Amino acid sequence: MSSVTIECVLPEHCRCGESPVWEEASNSLLFVDIPSKKLCRWDLLSKQVHRLTLDAPVSSVALRQAGGYVATVGTKFCAVDWEDQSASVLATIDEDKKNNRFNDGKVDPAGRYFAGTMAEETAPGVLERRQGSLYCLFPDHHVEKYFDQVDISNGLDWSLDRKIFYYIDSLSYSVDAFDYDLQTGKISNRRSVYKLEKDEQIPDGMCIDAEGKLWVACYNGGRVIRLDPETGKRLQTVKLPVDKTTSCCFGGKDYSEMYVTCAREGIDPEGLLRQPEAGGIFKITGLGVKGIPPRPYIG
Ligand SMILES: O=C(O)[C@H](O)[C@@H](O)[C@H](O)[C@H](O)CO
Ligand SMILES: [Zn+2]
C-alpha cells in the first residue's frame, strides 16, 4: 500500500486558483487565478513562476498544437502568445449577457475546446442563477452552444473510450454524464452519475484518471474525491488543509502526481489563520493511480 502525501508545493495566494494543466514539454504546471486575470506557468525545473496578466478574468487554459496556449478570458476564447505577452481573440460568446464570464474549460479527445459560462459572482457562490451556457470552440474557430440554463459551469472531462462526456454544473451538486460523439462533438442523453453528500459541499473542477475514475475537487469541502462513474460510488476521499479546493489534474513523472488548485478569496481572517496556505498549489503523491496527458487544441 502506498501512502498518500499532501504538500503545498507553491505558496501562491491565488484569489481563485483554477484550471491546472500539466505541460510535459516544459515540465511545467499551468494554472490561472481567475479574478486576478492571471495566467501562470510554474516551471518545476527552474522553480520559477511566470505570470501573464490579461485584461479580463482568465478562467481556463489549454495547450495549443500550433504552439502557445489557448485560454478563456472574460467572454472570449483567446490564443495566448507568452513571448509577446499578448492574447488574440478567436471567438466571443454571451454578447447579450454583459455580466457573464467564462468559467472552467478543457480540450476534448479530438482537439476541440469546451468551456462554459456563468454570471459574475458578487461573493463566492453568490450570483444570478441560470445565466450560463456550455460552448465548444471547434478547430475552425466557429463556436457552438450546447445548452443554457447553467448556474456555474465547471469541471469537465471525457471517458477513456471517448464515448462519455462528464460535466459539472456546481449548484446542481451533481456530476453528470452525456453520451459523446467524438466525430461530431455532439452530446446527448444527460444523466447524473453522482450526487454530492452534504459535507462534500460544491463540486468544482474534475479530471479523469488512467483507470477511468473521476476526481472531483470539492469547493468548501477541502478535499478531492474519486468516483466510479459506472457504479455511482465514491471510492476515495483525500482531504486537504484548505477548504476552497477548486480543481485538480495529474502531472509530473508519468502523470503519477496530482496537482490541486484552491481559492483564498472568501475566507475570513480567522479562517486564514487555520489555513494559511489557502490559494497555494498542492501536490498529492502516493495515490497509486496515474492520470492521462492533456490534449492540445488543434485549431
Ligand atoms: O472556481 C470556479 O469554478 C468558480 O469560478 C468559483 O467562483 C467557484 O467555483 C464558486 O465560487 C463555487 O461556488
Ligand atoms: Zn471551477
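In the predicted model, the zinc ion (ligand 2) is coordinated by Glu18 (OE), Asn154 (OD1) and Asp204 (OD) at 1.9 to 2.0 Å. Donors are N, O and S atoms within 2.8 Å of the metal (3.2 Å for Na, K and Ca), and sites may look incomplete because water is not among the atoms. The angles among the four donor atoms span 86 to 163°, and the site is irregular. Under the criteria applied, four donors count as tetrahedral if all angles lie between 85 and 135 degrees; four count as square planar and six as octahedral if opposite donors are over 155 degrees apart and all others between 65 and 115, and anything else is irregular. Along the chain, the donors of the zinc ion (ligand 2) follow the spacing E-x135-N-x49-D. Glu18 belongs to strand β2 (residues 17-23) and Asn154 to strand β14 (residues 153-158), so the pair ties together parts that are 136 residues apart in sequence. Helices (H or I, at least four residues) and strands (E, at least two) are DSSP runs, numbered from the N terminus. Glu18 is buried at 2% relative accessibility, and Asn154 is buried with a relative accessible area of 3%; buried means under 20% relative accessible area, exposed over 50% and partly exposed in between (1.4 Å probe, protein chains only).

Ligand 1 is surrounded by 13 residues, of which the closest are Glu18, Asn103, Glu121, Asn154 and Asp204; a residue is near a molecule or strand if one of its heavy atoms lies within 4 Å of it. Oxygen atoms of ligand 1 lie 3.0 Å from a side-chain N or O atom of Arg101, 2.8 Å from one of Asn103 and 2.9 Å from a polar side-chain atom of Asn154. On its own, ligand 1 has 330 Å² of accessible area, and the protein covers 98% of that area. Accessible areas come from the Shrake-Rupley method with a 1.4 Å probe; for residues, only the protein chains shown count as cover.

Strand β7 (residues 69-73) is mostly covered, five of its five residues being buried. Tyr69, Ala71 and Val73 point one way from β7, whereas Val70 and Thr72 point the other way. In a regular strand the side chains alternate between the two faces of the sheet. Strand β6 (residues 58-63) pairs with β7 in the antiparallel sense over five bridges, with Val70 in β7 as the bridge partner of Ala62; two strands pair if DSSP finds at least two bridges between them. Five residues separate β6 from β7 in their hairpin, and Gly67 in the turn has a positive phi of about 105°. Strand β8 (residues 76-81) likewise pairs with β7 in the antiparallel sense over five bridges, and Phe77 in β8 is the bridge partner of Thr72. The hairpin of β7 and β8 has two residues between the strands, with Gly74 in the turn at a positive phi of about 60°.

Strands β16 (residues 174-181) and β17 (residues 186-195) form an antiparallel pair with seven bridges, in which Asp181 has Lys186 of β17 as its bridge partner. Four residues lie between the strands of this hairpin, where Gly185 takes a positive phi near 80°.

Residues are numbered from 1 along each chain as its sequence is written, while chains are lettered from A and ligands numbered from 1 in the order in which they are written. In this predicted model, local features need pLDDT of at least 70 and side-chain atom pairs count only at pLDDT 80 or more, whereas totals for chains, interfaces and linings use all residues; side-chain values use heavy atoms, with hydrogens and water left out.

Technical notes: A polar contact is a pair of N or O atoms within 3.5 Å; within protein, one must be able to donate a hydrogen and the other to accept it, and residues adjacent in sequence count only if both atoms are side-chain atoms.
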